[in-house]
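Could you walk me through this structure, one question at a time? I've never seen it before.

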Amino acid sequence: MSEKILMKGNEALGEAAIIAGCRFYFGYPITPQNEVPAYMSRRLPRVGGTFLQAESELAAINMVYGASAAGARVMTSSSSPGISLKQEGLSYIAGAELPCVVVNIMRGGPGLGNIAGSQGDYFQSTRGGGNGDYRQLVLTPATVQEMADLTLLAFDLADEYRIAVLILGDGYLGQISEALTLPKPTGKVFEKPWALTGAKGRKPNKVASLRLVPETSLEELNLVLNEKYKKISAKECRSESYLTEDAEYLLVAYGTSSRICREAVNELREEGIKAGLFRLITAWPFPAEALQIASAKAKKILTVEMSLGQMIEDVKLSVKDPERVDFYGRSGGMLPETDEIKRRIKAYGN
Amino acid sequence: MHEEIIVAGFGGQGVIMAGKLLCVAAMNEDKYVSHIPSYGAEMRGGTANCSVVISDKEISSPTVPKPSIAIVMNTPSLVKFEPRVKSGGLLIYNSSLIDQKPKRTDITTVGIKANDISEAEGSVRAANMAVIGKLQALKPEIASLDSVIKALDVVISARNRKHNDTNIKVLKKANL
């Protein structure tokens, strides 16, 4: 067994990016994700990489665009209001089909909100916060170990599909220290014949998101993107079903709120109540088929979020008999409580 | 075993480090651990604290609204956290700096002259070791003293490891 170390979520993510071969990081400070740039600023120069604190979030995401266009593995990170500022760049990146990893360590909103952990950016992450017909992959870690493991996966998925992969964590996951076994490189290699690497001996490549002529060229791109999104939806749904096979009461959650749900499930099971947890690992694509299976025997489906109800829309779209779906959430940086989840589940039985 | 612990004090008293020391020691005994610093607006005004959970089971929430154990290094931290300790819980307070006595009678309260013990070993900066040494003596199921001492080499930065002899002396002195 590999050695366990105690590591903070934000730093585990940074180290995993370096293990994944990320050699460029651009960002602008904001709590509660600051340990990501702080870590990258220490580590990247030692592995021959480039860390640059940009003058703004907008500048940082466009530096990501540039490094990615040149074929590099590149990452940026921020927290909710800063991610809002990056949306223009993310839309351009989608249009130019550039691979990159973007990290959102969510905090309470709207606006500057506060600096505590939140899950208020689900809509922004899964519905496209920028303009145009596009999607981005969204991974939702729930532990420090997953902050690292999903970062390696994020870089591979980004390169495989030439797409932005968003790692959607929250302030608690960023700040928590837990046991971590450092992941090993996946060893996957991706050719990037489209990259701007100098055109000597070949036709020049072009990376752009503007397509004016001919007038059908943008729709052609949209259709290509659509095929890609369909392929991702078919192949890349990820989730965890915990004690769901016989579950009469199903909790659905992701990230930090899923940890609290898992405890509630364990305690309910000890009392003989058949509860289970369905946990998202990808928020887009949404693992609808797996949720249908997990919810097959459920009398009630309780969606638990650190928001006032966003993922619940995808849950309702996915399950049969959506009138079974109920909601419990806390917002503004507050956490759902195990006892309240248990109280609600027990109330369904009466 | 499941303990939810708050370590609180002034910035600079090493409370974040003390919490990490407990985590690494318990982690190396294959327990589940989590550590989260207070990083919000509550840090303004000079108190720093961290929430530590050490358990035989997977940890759900890393926050500790009602600690089973509170370790307080200064008076503002006593005032803030004494009322939050779970009934039947444990409060360890630094009686070198805290003049007042805890008021609760439904919890165990233990005063330790952390600064004095540390200074007697040549440095006031190891006061955090004194409270951890005391905690280990009272709650040995969290981690053995040996694991705590071994964890020093992980938690203390290379630059400060030369002080570990002092740290170990203070840990042992308070471990009664």
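Student: How are α5(B) and α6(B) oriented to each other?
Tutor: Helix α5 (residues 145-155) of chain B packs against helix α6 (residues 164-173) of chain B at about 155 degrees, with axes 11 Å apart (axes are lines fitted to C-alpha atoms, for helices over the stretch in contact, and angles run from 0 to 180 degrees between N-to-C directions). Under 35 degrees counts as roughly parallel, over 145 as roughly antiparallel, 65 to 115 as roughly perpendicular and the rest as oblique. So α5(B) and α6(B) are roughly antiparallel.

Student: What kind of model is this?
Tutor: Residues are numbered from 1 along each chain as written, while chains are lettered from A and ligands numbered from 1 in the order written. Local features need pLDDT of at least 70, side-chain atom pairs count only at pLDDT 80 or more, and totals for chains, interfaces and linings use all residues, because this is a predicted model.

Student: How many nonpolar residues are in the contact of α5(B) with α6(B)?
Tutor: B:Val148, B:Ile149 and B:Leu152 in α5(B) meet B:Asn164, B:Asn167, B:Ile168 and B:Leu171 in α6(B) (contact puts C-beta atoms, placed from the backbone, within 7 Å). Ala, Val, Leu, Ile, Met, Phe, Trp, Tyr, Cys and Pro count as nonpolar, Asp, Glu, Lys and Arg as charged, and the others, Gly among them, as polar. There are no charged residues here and two polar ones, and the nonpolar count is five.

Student: And in chain A, how do α1(A) and α2(A) lie to each other?
Tutor: Helix α1 (residues 9-19) of chain A and helix α2 (residues 35-43) of chain A have axes 8 Å apart and pack at about 40 degrees. Therefore α1(A) and α2(A) are oblique.

Student: Which element gives the most to the side of chain B that touches chain A?
Tutor: In all, 16 residues of chain B are in contact with 18 residues of chain A. On chain B's side, the elements giving two or more residues are α1 (15-27) and β2 (32-37) (helices are DSSP runs of H or I with at least four residues, strands runs of E with at least two, numbered from the N terminus). With five residues, the top contributor is β2(B).

Student: Which residue of β2(B) stands opposite A:Ser177?
Tutor: Strand β8 (residues 177-181) of chain A is joined to β2(B) by two bridges, and they run antiparallel (pairing takes at least two DSSP bridges). Opposite A:Ser177 is B:His35.

Student: Which are the edge strands of the open sheet of eight strands?
Tutor: The order is β1(A)-β8(A)-β2(B)-β3(B)-β1(B)-β4(B)-β5(B)-β6(B), with mixed pairing. Each edge strand pairs on one side only, and they are β1 (4-8) of chain A and β6 (108-112) of chain B.

Student: Inside that sheet, what is the bridge partner of B:Ile5 in β3(B)?
Tutor: Strand β1 (residues 2-10) of chain B pairs antiparallel with strand β3 (residues 47-55) of chain B over nine bridges. Within β3(B), B:Ile5 has as its partner B:Val52.

Student: Last one: how does A:Arg344 count by its C-beta neighbours?
Tutor: A:Arg344 sits in helix α13 (residues 338-349) of chain A, and touches A:Leu302 and A:Tyr328, leaving out residues up to four places away in sequence. A residue is buried with 20 or more other C-beta atoms within 10 Å of its own, exposed with 12 or fewer, and partly exposed in between. A:Arg344 has 18 such neighbours inside 10 Å, so A:Arg344 is partly exposed.

Terms used:
Two residues are in contact if their C-beta atoms, placed from the backbone, lie within 7 Å.
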